[in-house]
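Please open the structure in your viewer and keep the selection tool at hand.

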Amino acid sequence: MRDRLFIIIAGGIVGLLALILVLFGNPANMGFCIACFIRDTAGGLGLHRSVVVQYLRPEIIGLVLGAFIIALHGREFKSTAGSSPVIRFILGMLMMVGALIFLGCPLRMILRLAGGDWNALVGLPGYVLGIWLGTQFLKRGYTLGRSQEQTPVNGFAGPFFAVVFLILLVTAPAFIFFSAEGPGSMHAPLIISLGAGLLVGVLAQRTRLCTMGAIRDLILFKDYHLFLGLAAIFVVVLIGNLITGKLIPGFEGQPVAHTESLWNFLGMTVVGFAAVLAGGCPLRQLILTGEGQGDALITVVGMFCGAAFMHNFGLAASPASVSPAGQAIVIISLVLLFIIGTANIRTRTKAK
Amino acid sequence: MTANCYITFPTTFFAIKAESLLKNQPFVFKMVPVPRRISSSCGTALRCGCEEITAVREYLMHNGLELEGLYRLEEIGLQVSSVEELQFNE
């Protein structure tokens, strides 16, 4: 099918852009990381004061605007909202909790894997387990309910914030924070980051690329369409790392990663579980925000708050370790996800 | 030129329910990702022959499922040549 070819090519381009971004200055194995970049952006806005991870990442801005422009162009921009916003906010927070324990969103997990970081190999089965747990709730009738059509201004809110962030980034007023050292200080030039974000936003909107949907569809329907996109990202980045000599296999000393396997595993379990319950991985939530979905925007806002929460209270993992409080928050998150999953099983259908 | 018909659902839950309901029925169907030409949403759709879609729809609605839309896609080779949204007639 033409669609199949398109998603493979799109995945390949995403992989290529991830390599280019690292080449131009992004932290290693972090060409794209939605969770890390939202965390950095939250830091740039001063929502947390972890000085090494503060930068309004243009990739995030580009992803939202790219999806917005192409959705408008394809007449797919639709302002909707109203499907359990509070739960979605919490799910966004929980996705961030898991990601900041593992130190990366599922997209970065693939990039880390392709860079030879075996800690990501531990995270992957955790992610699959989380998605499997989520699908068990889907099968039993979990739903956050239908969203309703809203006035267009609702849908424009996400892209509007993206433009505001871009203005703040370019004008750099005193109240915006820029890391002087650490991962937050490592970034490709603005124009390259923004361009890459825009392009991936367009591609992800057209192909519906989703790291959670890829595995969910495999589990639920044995459908591998979206999975092809992930595989393409992995293969291209792997080849790129081989060529540039950046493939350094091992557990120890990997860039922006720790070696605590149990927490790498459970961190990604939280992300996968929350992503199924929220209907999309962190990347997909940004794309849907660009398409005008208020439910996705509120999930993204939850991710911003989750990032601030994790860093302000010292819960986020560091390359050195996962703190006891960080470990506790992972367990609490899993419990919360089971409660959210159970509490939203609706049996109003007469179907048996 | 081949034509396939698709039913889309408001949430994944209804798609899963539809699959389990239809499993024991004589309909020929397959659960597939919603074709990109129908929608940018990443949900799951039910694909079946167009001659059966009315019967499938009625069976599902009779069993209390919520459906979102019905579509007919004509495909020439690998390309979708036309998308037609069918009337619901609720």
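Two residues are in contact if their C-beta atoms, placed from the backbone, lie within 7 Å. Please bear in mind throughout that this is a predicted model.

**First stop: where the chains meet.** Select chain B together with chain A: 19 residues of chain B are in contact with 26 residues of chain A. On the chain B side, colour helix H1 (12-22) and strand S2 (29-33), the elements that give two or more residues to the side that touches chain A. H1(B) provides the largest share of that side, five residues. By class, this side of chain B consists of ten nonpolar, seven polar and two charged residues.

**Next stop: a pair of helices.** Select residues 2-23 of chain A, helix H1, and residues 190-207 of chain A, helix H8. Their axes come within 10 Å and cross at roughly 165°. Angles over 145 degrees count as roughly antiparallel, and H1(A) and H8(A) are therefore roughly antiparallel to each other. Their crossing is left-handed. Now show the side chains: among the residues of H1(A) that meet H8(A) are A:Phe6, A:Ala10 and A:Leu17, while H8(A) contributes residues including A:Ala196, A:Leu199 and A:Leu203. The residues of this contact comprise 13 nonpolar, two polar and no charged.

**Last stop: an enclosed helix.** Select residues 211-221 of chain A, helix H9. Eight of its eleven residues are buried, so H9(A) is largely enclosed by the rest of the structure. The buried residues include A:Gly213, A:Ile215, A:Arg216 and A:Asp217. Finally, select A:Lys222, which follows H9(A) and has a positive phi, near 55°.

Key: Residues are numbered from 1 along each chain as its sequence is written. Chains are lettered from A and ligands numbered from 1 in the order in which they are written. This is a predicted model: local features need pLDDT of at least 70, side-chain atom pairs count only at pLDDT 80 or more; totals for chains, interfaces and linings use all residues. Helices (H or I, at least four residues) and strands (E, at least two) are DSSP runs, numbered from the N terminus. Ala, Val, Leu, Ile, Met, Phe, Trp, Tyr, Cys and Pro count as nonpolar, Asp, Glu, Lys and Arg as charged, and the others, Gly among them, as polar. Axes are lines fitted to C-alpha atoms, for helices over the stretch in contact, and angles run from 0 to 180 degrees between N-to-C directions. Angles under 35 degrees count as roughly parallel, over 145 as roughly antiparallel, 65 to 115 as roughly perpendicular and the rest as oblique. A crossing is left-handed if the near helix is turned anticlockwise from the far one by less than a right angle, and right-handed if clockwise. A residue is buried if 20 or more other C-beta atoms lie within 10 Å of its own, exposed if 12 or fewer, and partly exposed in between; C-beta atoms are placed from the backbone.
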